[in-house]
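User: I am new to this structure and would like to learn how to read it. Could you take me through it step by step?

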Protein chains: 2
Amino acid sequence: MTTTAHPKAAPHECADCPIRHRAVCARCESDELALLEEIKYYRTFQAGQPVIWSGDRMDFVASVVTGIASLTQVMEDGRTQMVGLLLPSDFVGRPGRDTAAYNVTATTDLVMCCFRKKPFEEMMQATPHIAQRLLEMTLDELDAAREWMLLLGRKTAREKIASLLVIIARRYASATSGKAANAVQFDLPLTREAMSDYLGLTLETVSRQMSALKKSGVIVIEANRHITIPDFDLLLDETGDDTDGGILS
Amino acid sequence: MTTTAHPKAAPHECADCPIRHRAVCARCESDELALLEEIKYYRTFQAGQPVIWSGDRMDFVASVVTGIASLTQVMEDGRTQMVGLLLPSDFVGRPGRDTAAYNVTATTDLVMCCFRKKPFEEMMQATPHIAQRLLEMTLDELDAAREWMLLLGRKTAREKIASLLVIIARRYASATSGKAANAVQFDLPLTREAMSDYLGLTLETVSRQMSALKKSGVIVIEANRHITIPDFDLLLDETGDDTDGGILS
DNA sequence: CGAGCACTTGATCGCTTTCAATAGCTGTGG
DNA sequence: CCACAGCTATTGAAAGCGATCAAGTGCTCG
């Protein structure tokens, strides 16, 4: 609960923090950072562990430092929809709300930088840099949510899978020195079930469409989780999205 | 472009404005309001007219005063997904962005209170009340978007329709002095096609499920658009949502 | 009265789900 | 070292839900 700093996992100097320039604290000056430093603490979670359940009292807000967390909504009968995929620097919790609105789960091993809600809210009032950055991040999340709504409402299973692979590749892929300049590879941080919860599909359909993309030569699958994309443009064509745009692919 | 005040449609005193206490200006003091008053202008649109197209230059932000607007995304092949339903007091546009990210269309006759983007952004810097309120509204929209994602990803056609009717009823319904205390009625502000774009269905499926709900006695349809809900709890049961919650239904 | 539009209804198709069995991997214990 | 449990993932067969294609209805407005 307090700083149970897992040595390998938890940094403690904001200056060294890997998300220093992208998280909610990105705009803070060093004096503001010093104040944040005083109220922050780290928590770590193993892959699969719950961070908090929807409806539970939530007396902190947090940034993802390393790892991935997911927000999910669950219906009475168990149908589950992921509504947020939280990557390093993403923010969890809502200032001004005291219970969690979603289930938060560690999808991979996870380190979070937490702030007790009360002092954080007070700091938000005092330092506009935090509120400014939070607004910006929230607007970005809203855009992402709207992209996701298009995917859920109108894309085919194959397009959904391709779109998810593109999203993950964009953030995690390391370009390989393979034959093609635009070949990339990465390890999927999600199980088939997590993918299905993200995409509004069943895990069987996810598996089938992964196999289909493999058979089409769009992706290469090794050991279930390691994905190689020989030609990124080929994958982009499968997403159904506008590709004309230009050079930024 | 300037204040082409359509007499019946456009108020011009902020003090009399119907959205004064819910819009982005809700927190403003009277001196701040006076500044806003100077940079604002009204625009009106007829039902069905486009407000702006995705990708177009957008040099204003705005609040919906009366009527309904929709945000939609369209894929190359024409598949369309509504990603925002803008009701009175809702905000359009993103400070710091200079092109529209979505198509904005007047779903009903529409009056918007517009601010030129540049002066508005300057005011945002100067008056924290505006940014605070915008953050709050954006967080609310994000929650709504996540609820919507659950609907798109996991609900059946029947549940989708019921959920949409509940959303509209909650905002537009007038309680009727009918037999049941919880009977409500309202006019649907959306065509079947707009409903289908909202729900990720075809318009035929929307029509069929509306008929099915009618046949089940959950709703009464008169003249295609006027809906009566004899027992609101019955409709709630059809949404698939948690109903246990409590008295706030 | 007829054109245009929004909506409904019917018949059929096909994609995704459902139910079920099998394969592959990892770790544990005999 | 192998057997087996437990988990994740794949694959098959069948069913069902919503999409598609196609008329047909009813209302409004000229």
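Analyst: We will look at confidence, a helix pair and the DNA surface in turn. This is a predicted model, where local features need pLDDT of at least 70, side-chain atom pairs count only at pLDDT 80 or more, and totals for chains, interfaces and linings use all residues. Residues are numbered from 1 along each chain as its sequence is written, with chains lettered from A and ligands numbered from 1 in the order in which they are written.

User: What is the mean pLDDT of chain A?

Analyst: pLDDT is the predictor's confidence in each residue, from 0 to 100. Chain A has a mean of 91, with 92% of its residues at 70 or more. Over residues 1-8 of chain A, however, the value is below 50. Where pLDDT is low, the predicted coordinates should not be read in detail.

User: At what angle do α5(A) and α6(A) pack?

Analyst: Helices are DSSP runs of H or I with at least four residues, numbered from the N terminus. Angles run from 0 to 180 degrees between N-to-C directions, and axes are lines fitted to C-alpha atoms, for helices over the stretch in contact. Here the angle is about 100 degrees, and the axes lie 8 Å apart. So α5(A) is roughly perpendicular to α6(A), a term for angles of 65 to 115 degrees.

User: Which residues come nearest to DNA strand C?

Analyst: A residue is near a strand if its C-beta atom, placed from the backbone, lies within 6 Å of it. Of the 18 residues around DNA strand C, the nearest are A:Ala157, A:Thr205, B:Thr191, B:Ser207 and B:Ser211. α6(B) gives the largest share of this surface, six residues.

Key:
Helix = DSSP H or I, 4+ residues; strand = E, 2+ residues; numbered from the N terminus. Parallel < 35°, antiparallel > 145°, perpendicular 65-115°, else oblique. Contact = placed C-beta atoms within 7 Å.
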